[in-house]
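User: Hey, I'm new to this one. Could you walk me through it?
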Amino acid sequence: MLVPVSWLKEYVDITVPVEALAERMTVAGMEVAHIYYYGLPQQFVEGVRQPVSDHLVWDREKIVLGAIREVKPHPNADRLVIAMVDYGGAELEQTVTGAPNLFEYKGIGPLASPLWTGFALEGAEVWDGHSEELKRMILKEKPLRGIPNKCMVCSAKELGLSEEHEGIIIMHEDPGFPPGTPLQDVLGDIVLEVELTPNLARAYSILGIAREVAALLDQPLREPSYDFVAAGASIDGTAAIEIRTPELNPRFTFTLLRDTIVKPSPEWLQRRLQLVGQRPINNIVDVTNYIMFEIGQPLHAYDYDKLVERAGGKTPTIITRLPEAGETLETLDGTKRNLDAHNILVCDTAGVIGLGGIMGGADTEISDATRTVLLEAAAWNFINIRRSMQTQGMRTEAGVRFSRGVHPSWALRGSSRGIELMRQTGGGQVAQGVIDAYPLQPELVVVQLPLTEIRRISGVDFTLEQSATMLMRGGFTVQIHADSLSVGVPDTRMDIGTGIVGQADLIEEICRIYGYGNIANTIIADAMPPQRSNPSLTLEEATRDLLVALGFQEIINYRLTAPEREAALVPPTAESSLPAQPYVELANPISPDKAVMRKSLLTNIVETAALNSRYQKRQLLFEIGNIYLKREGELLPDEPRRLSLLITGVREAATWQVKEATNYDFYDLKGMVESLLSGLHVDRVTFERGQHTTFHPGRSALLRVNGVALGTFGELHPLVTARFDLTAAPVLLAEFDLDALLEFARAMYPTAPLPITPPVLQDIALIVPAQTSAADVERVIVKAGGDLLKDVRLFDVYEGDPIPEGFKSLAYSLTYQTDEKTLTDREVAKVQEKIVKLTGFELGAKLRS
């Protein structure tokens, strides 16, 4: 939100430099992201980002307020005129200009009322208004078509106020300063860009910011007048209001202005709207925007005669309701919108005329022909407005404020101030009275605040009087009791809760106004609580460290998904291997692709890899997170932790040493899984053929530890990789039950000294039935090898001639060793023979010759 300091000063005295104010506001929760200087010298504040390259300081001697007294024709050019400018000097200064907004005054002689503008004298530095790039220039004397010219009447672009260069700045109203006054004193300003979080609904207006500044600086707040001059006939009988859903529309009011004229707004009003980023339109529309930015109450103006015409000449009845099936609305932005069932509407007896709290309809908008204005000020349910903006894809300044929360009591203040400004800017007569439908009035919130709680939570030894003073600075009403405060919450503070929550909110306000920087750092006075470790978290972090050391990069994905997204990992005609439990569904999903809680991490990691594949050929990713499994008859689901891994792309890039790059394959992933298990000191690990439908049949494995299945890893099914356009290289994937895996991790594990005798290395090749798993063969080899066998590693699998059909050859590298002595070939041969006999007995294996 943009906050012009000149506008802010209308409501509160600023007793510190603007830069110091920005720092105070930021510390108090209203972060000042930028400070924009218009014509004034720039200061720097630590931690506040400020534009530097486009900052122009107006020289107080050379850029002044000028009064154009006469506009003469140029004798040698039809597209130029000569402006005679009073700049406070002894004589008028002539300047040649092509500003089109001066041509209507050409040749009519001395002006009855001067045109006020920014006037740059010779030697002044301004922006080059004719350059498309940001370019400074110094004014020098230069004849233009034979007429001497050394000064310039300035456009907004040349002074750095905006990009407008269609004409010069013209102020028809007397600015209250004599000609020659430094322009800094007239148009110079500082604008704060404040980044407001949703809980700061009270600060979404200039008055709201002023209220916060008044509390921080301990200055009185000057609210604008809410009185209006009502000299017209009564408003009774001119309109009716019917509220059908009070919980969505607790208040709706009307005021009426007759015989007004729609015309450009006064320059002071246009200037303020421009400073907050709004484009002036006309006095009626501008006033609705001005009030919204001034006090935070959005307004909407209707052409009353159009409403009467829609009602067939009868008294219009305005109805707020939910839409009927098939209803549509064309909003002021020219968009025809299909309405959702929850959109609160403003209607009349002829149909829909507006989307409540967000935007009005085109059928009743203000035009130049409008003479009677019906001004709406209402209150809306903030949750419903927020939801409607999301589903309709709309974001308006009114909707933003209503979606944060605007108290119904501000409706009448907004309409009163708005209708009076419309009368002042367009003339006419305000009808006596207000039409006010107020079916749902909120209760006054009063919080009991014990002094002991203030001291306990804040850590500061406040007195009741000090606490009460700071709360009253924030607009609260306070009654002091013996050991507590009764605090009445103002209607601007819809964020203050009740009970214990309200107490915490109020103590936060006390500390915020007191100043967080004034609260001393203290050491806890109580005994330190016993320090207990969290083994599960420690092991989870160890898992992360091991994976990072292996070259993986962690990703964190949304827990929300859609059944269709997870079904994308199941090949056509295959049955899903996802858990059978139904999905945990969201009652109010933010989008269709985030409607349920995930049952697997695989979808997220594959989607991430697909997005990254446009930029990275080599990916090693992992995610640790929860899945959500619905429990029958239970409100809350199970939330087990899972670990997912993904590797794809080239193992190493081609170089002068490596002529051809090779891709990762199943055994790379298997090796990384084994390294992870080794780092966690998990033993009794076996691998079996995997059956998961997401994985390539024959290229996946089931991980078991001590007989417990922990998950599957392997190559992604080719039909799935095609669906995600990941066909450039094999995609290796894994998902493990992390909770179960960490149960087998050992914090205490045996270690052994380095061996002192040389190992004996032997190979053995066994012919076994094709369906026999390598894990079973390895189990029997270890069993037969006894204490002398230290390591078993499969290095070859072969099927084909001369191996009989239905059989395969498995070749293992065996390491024998003992610290007692150096083993001889005879001793090793005996163990090898035992291995051959036992594998033959248990598995039907034969030694391959």
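Predicted model: local features only at pLDDT ≥ 70, side-chain atom pairs only at ≥ 80, totals over all residues.

User: Okay, what radius of gyration does the protein have, and what would a compact globule have?
Analyst: The protein has 39 Å, while a compact globule of 849 residues would be near 29 Å. The C-alpha trace spans about 125 × 75 × 65 Å along the principal axes.

User: How many helices and strands are there?
Analyst: There are 21 helices and 40 strands in the protein.

User: And what share of the residues counts as buried?
Analyst: That's 50% of the 849 residues. On contacts, if you take those with a separation of 6 or more, 68% come from residues 24 or more positions apart.

User: Let's zoom in. How do the axes of H12 and H13 cross?
Analyst: Helix H12 covers residues 464–473 and helix H13 covers residues 499–514; their axes come within 9 Å and cross at roughly 85°. Angles of 65 to 115 degrees count as roughly perpendicular, so H12 and H13 are roughly perpendicular to each other.

User: Which residues make that contact?
Analyst: From H12 you have Ser467, Met470, Leu471 and Arg473, and from H13 Leu506, Glu509, Ile510, Ile513 and Tyr514. Sorted by class, the contact has six nonpolar, one polar and two charged residues.

User: Switching to strands: is S36 mostly covered or mostly open?
Analyst: Mostly covered. Strand S36 runs over residues 731–737, and six of its seven residues are buried.

User: Which strands pair with S36?
Analyst: Strand S30 (residues 641–648) pairs with S36 in the antiparallel sense over seven bridges. Strand S35 (residues 708–716) also pairs with S36 in the antiparallel sense, over five bridges.

User: What are the bridge partners, say for Ile647 and Thr712?
Analyst: Ile647 has Leu732 of S36 as its bridge partner, and Thr712 stands opposite Glu735 in S36.

User: Last one: where does Glu365 lie?
Analyst: Glu365 is in the loop between strand S19 (359–360) and strand S20 (373–379).

User: Why does Glu365 count as partly exposed?
Analyst: Because its relative accessibility is 33%, and partly exposed lies between the buried cut-off, under 20%, and the exposed one, over 50%.

User: What is Glu365 in contact with, leaving aside its neighbours within four places in sequence?
Analyst: Asp303, Lys306 and Leu332. Also, the C-alpha atoms of Glu365 and Val285 are separated by 9.4 Å, with the two residues 80 apart along the chain.

How values were computed. Residues numbered from 1 in each chain as written. Heavy atoms only, no water. Axes fitted to C-alpha atoms, helices over the stretch in contact; angles between N-to-C directions. Helix = DSSP H or I, 4+ residues; strand = E, 2+ residues; numbered from the N terminus. Parallel < 35°, antiparallel > 145°, perpendicular 65-115°, else oblique. Contact = heavy atoms within 4.5 Å. Nonpolar A, V, L, I, M, F, W, Y, C, P; charged D, E, K, R; others polar. Buried < 20%, exposed > 50% of the residue type's maximum accessible area, 1.4 Å probe, protein only. Pairing = 2+ DSSP bridges. Rg over C-alpha atoms; globule rule 2.2 N^0.38 Å.
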